Amino acid sequence: MSHAMGIERKRKLKEEPSSTIFLLSAALFFIITTLVGLLVAVKFVFPEFMGNVPQLTYGRLRPLHINGVLFGWLLGADMGLVFHLVPRLCGNKLWSEKLGVFTAVLFDLIILGAVFTTTSGYTQGLEYAELPLPLDVGVVVAWILFGVNVFATVWTRKHEKIYVSLWYIMGAVIWTAFVYLTGNIAVEFFPGVNQANLNWFYVHNAVGLIFTPLGLGIAYYFIPKAAQAPLYSHRLSMVGFWSIAFIYVWTGAHHMLHGPISQWLQTVSILFSVMLVIPVWTVVLNFFGTVAGRWDHVRQDPVLKFLMAGTTFYVLTCFQGPMHSLRTVNAIVSKTDWIVGHAHMAVLGAFSFFAIAGALYAIPLLASRPLHSVKLANQSFWLIFTGGLVFFGGLWIGGFMQGLQWNQWTIPFIDTVKFMRPFWIVRLFSGLFVYVGIFLVFYNLVRTFTGEPATERQPAVPAVGA
Ligand code: HEM
């Protein structure tokens, strides 16, 4: 590494440390908490595995995996990417880097606290909302600080026009506050079926109003950049934004179809779930329209590969969702492993792909040097993509048949559990592929900072680290 490059790298790091801290720590949480998912997958095949240690039982590792990947990895990476792209879209620096660094460190401490509380069994006992109250308060404080920095940067911007990514990000900042407060704090004050209703509102909108707008805001930024093409339609992107804003909040009750809530609420949730095809079509037309005629870039560039595969998974997820919401389909798939396949396609297949793409693009810029290895990034893509397809597909097939069996009262429940074993073995091995791919992404990002560039020839596409 030349002396000049070293100085330039230090200068950039000094300029944007908050984004760097968020992204690198998120990547670290990614490999640790996905490994926990893998351990949980082993337990499904060998239930006695690590069974005697309380900290390593299913009931503690599952929440650790879920909260770790959703908040430690995905939300942390999204926050780092937001700090990276908002100043660029505004034409100025982040309003306060010092505040950004403080937010990133506070956020990481909260995640470390969550590792301790979930493994100790100190949780709220609510799905996706296991963090205890003191940590919830910490999350709220971190989010307020994050929001202040984002809005102040937008407020003091030099570019007059607000690009679509900024709309999605500002929407996400406001919606996340409401969704998180409802699902983690307000939910404690409502017992019984109302609590279940609020909890499902939170679970569904954690995806719909937190990870969807953040993920789409990131994709709307990086797809035109990496494809080196203008966005296909600004108007369509705004139709998508406002339809997400109005539709998502009504859909949470579709998790309780055939349950003890009023019929009208179930019907409203079904109607709004079906309407979710509107934002999906705006995304399909916009993202595929933007890269039309540039598929040669996708072939070479791992960033675009992750972005376009993520788009495809997003579309499939949002086609599945409305279908599950129909009463007849729901009677078969609800609470089965089909839903676990669906959840992984959304948060791993769609939104993690967008975040990985963003990290592969942004980290070289933050480190002021090309990505350590484009070849390795392409190999990681194929490992995660093919592993993911088998992972999701196996759980859909197994889960659907599991649901059909549950609908036949003559089949003992334990037989339906035994029936799932081969599908859980498939998840374990495909999960291993996914894990190796994720680990290689982490290695590539870290080596971009610390090591020498790989000796391989870099492709002509200048998107990565240009
Ligand atoms: C090696 C890869 C992975 C494996 C083997 C794995 C395995 C598992 C297992 C065994 C469960 C529990 C399912 C159950 O209790 O029925 C689970 C749940 C979950 N995982 Fe993963 N996981 C992996 C990667 C990820 C990643 C990368 C994410 C997110 C970015 C993720 C998000 C989730 C979520 C949201 C759930 C809860 C699903 C639900 O709502 O029931 N997982 N995972």
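1. The protein chain contains 17 helices and zero strands, where helices (H or I, at least four residues) and strands (E, at least two) are DSSP runs numbered from the N terminus. This is a predicted model, in which local features need pLDDT of at least 70 and side-chain atom pairs count only at pLDDT 80 or more, while totals for chains, interfaces and linings use all residues. Residues are numbered from 1 along each chain as its sequence is written.

2. On overall form, a compact globule of 466 residues would have a radius of gyration near 23 Å, and the protein chain agrees with this because its value is 22 Å; the radius is taken over C-alpha atoms, and the globule rule is 2.2 Å times the number of residues to the power 0.38.

3. Of the 466 residues, 49% count as buried, meaning that 20 or more other C-beta atoms, placed from the backbone, lie within 10 Å of the residue's own.

4. The largest nonpolar core has 125 residues, among which L74, F222, L307, A357 and A359 touch the most other members; such a core is a set of buried Ala, Val, Leu, Ile, Met, Phe, Trp, Tyr and Cys residues joined through C-beta atoms within 7 Å. Helix α7 (residues 192-227) gives the most to this core, with 20 residues. A second, separate core of five residues includes V40, A41, L61 and L64.

5. Around the ligand there are 23 residues, of which G37, A41, V69, A343 and G431 come nearest, a residue being near if its C-beta atom, placed from the backbone, lies within 6 Å. The elements giving two or more residues to this shell are α2 (17-45), α3 (58-90), α14 (337-367) and α17 (421-450).

Technical notes. A residue is buried if 20 or more other C-beta atoms lie within 10 Å of its own, exposed if 12 or fewer, and partly exposed in between; C-beta atoms are placed from the backbone.
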